[in-house]
Amino acid sequence: MTEFDLLATFTTLKLASVTTLILLLLGTPLAWWLSQLQSKWRVVIEAVVALPLVLPPTVLGFYLLIAFAPDALPGQLWQSLTGQQLAFSFSAIVIGSVFYSLPFVVQPLQKAFEQIDPHVLAKARMLGATKLDLFFHVILPLTKASFVTAATLGFAHTVGEFGVVLMIGGNIPDETRVLSIALFDHVEAFDYQQAHLLASILLIGSLVTLALIYLLNFYHDQRSSYESANESSRRLRQD
């Protein structure tokens, strides 16, 4: 692997790590709010959150590029606060990745929150649990498998991004050049040996990630079935 590919690997891992952390911080309250929302506008908000699943990445990248331009309001605000241009920077590809990977974190968490028995939450509130107590001692233990799934999907999806990153970040080594763009560069240069190497890394990494998610869900389902069977047996003995 060349020095530029190693830099692209480091940039990719840094981008995926920062993006996943932000997605968990922003996506968790959003997923909880959606799981509790009873308004008819819920479907509209869910559609907006899910939009990156079907929207061509270049479309999202195009509009973000316009927004990040120095003469646009978001770009002007960023430049006045940081003194640096937002477009074609590492911060730009982080923001783009957060938008693009949002449904991969919000949807698993929302489904998990919706499956929590409301009586369990009501009982905890009756016992004096605060909102933080509810989250860390009731909600988080019940949904930890979904948090792992959401974080893994968000990380893996960010690693494989190409269109959005290229549109708003360009191809700047050690700044915005990620593995998928490095792979594209090798193909354009007919350097298929290096292209095969990077493609293999992405392919094996994606396969291992998906296998871990399915394995985690399998053991979680097995444990849930075991605990449910034990609870049924206990109730039968009490009757």
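**Exercises on cores and helix packing in a predicted model**

Of the 35 residues that form the largest nonpolar core in this predicted model, Leu15, Phe68, Leu109 and Phe113 touch the most other members.

**Exercise 1.** Determine which elements give two or more residues to this core, and which element gives the most.

*Solution.* Begin with the list of contributors, which comprises helix 1 (3–36), helix 3 (57–68), helix 5, helix 6 (118–126), helix 7 (131–159) and helix 8 (163–169).

**Exercise 2.** Find the residues in contact with Leu109, leaving aside its neighbours within four places in sequence.

*Solution.* Once those neighbours are set aside, the partners of Leu109 are Gly27, Thr28, Ala31, Ser146, Phe147 and Ala150.

**Exercise 3.** Classify the crossing of helix 2 (residues 42–50) and helix 5 (residues 90–114), and describe their contact.

*Solution.* First take the geometry, in which the two axes come within 9 Å and cross at roughly 140 degrees. Because only angles over 145 degrees count as roughly antiparallel, helix 2 is oblique to helix 5. Next name the residues: helix 2 makes the contact through Arg42, Glu46, Val49 and Ala50, and helix 5 through Leu102, Pro103, Val106, Gln107, Gln110 and Glu114. Sorted by class, these are five nonpolar, two polar and three charged residues.

**Exercise 4.** Describe residues 195–216, one of the spans to which UniProt (unreviewed entry) assigns the feature "transmembrane region".

*Solution.* The span is 100% helix and 0% strand, and its end C-alpha atoms are 32 Å apart.

Definitions and conventions
Residues numbered from 1 in each chain as written. Predicted model: local features only at pLDDT ≥ 70, side-chain atom pairs only at ≥ 80, totals over all residues. Heavy atoms only, no water. Axes fitted to C-alpha atoms, helices over the stretch in contact; angles between N-to-C directions. Helix = DSSP H or I, 4+ residues; strand = E, 2+ residues; numbered from the N terminus. Parallel < 35°, antiparallel > 145°, perpendicular 65-115°, else oblique. Contact = heavy atoms within 4.5 Å. Nonpolar A, V, L, I, M, F, W, Y, C, P; charged D, E, K, R; others polar. Core = buried A, V, L, I, M, F, W, Y, C linked by side-chain atoms within 4.5 Å. Buried < 20%, exposed > 50% of the residue type's maximum accessible area, 1.4 Å probe, protein only. UniProt positions renumbered as here; feature names shortened; annotations may be inferred.
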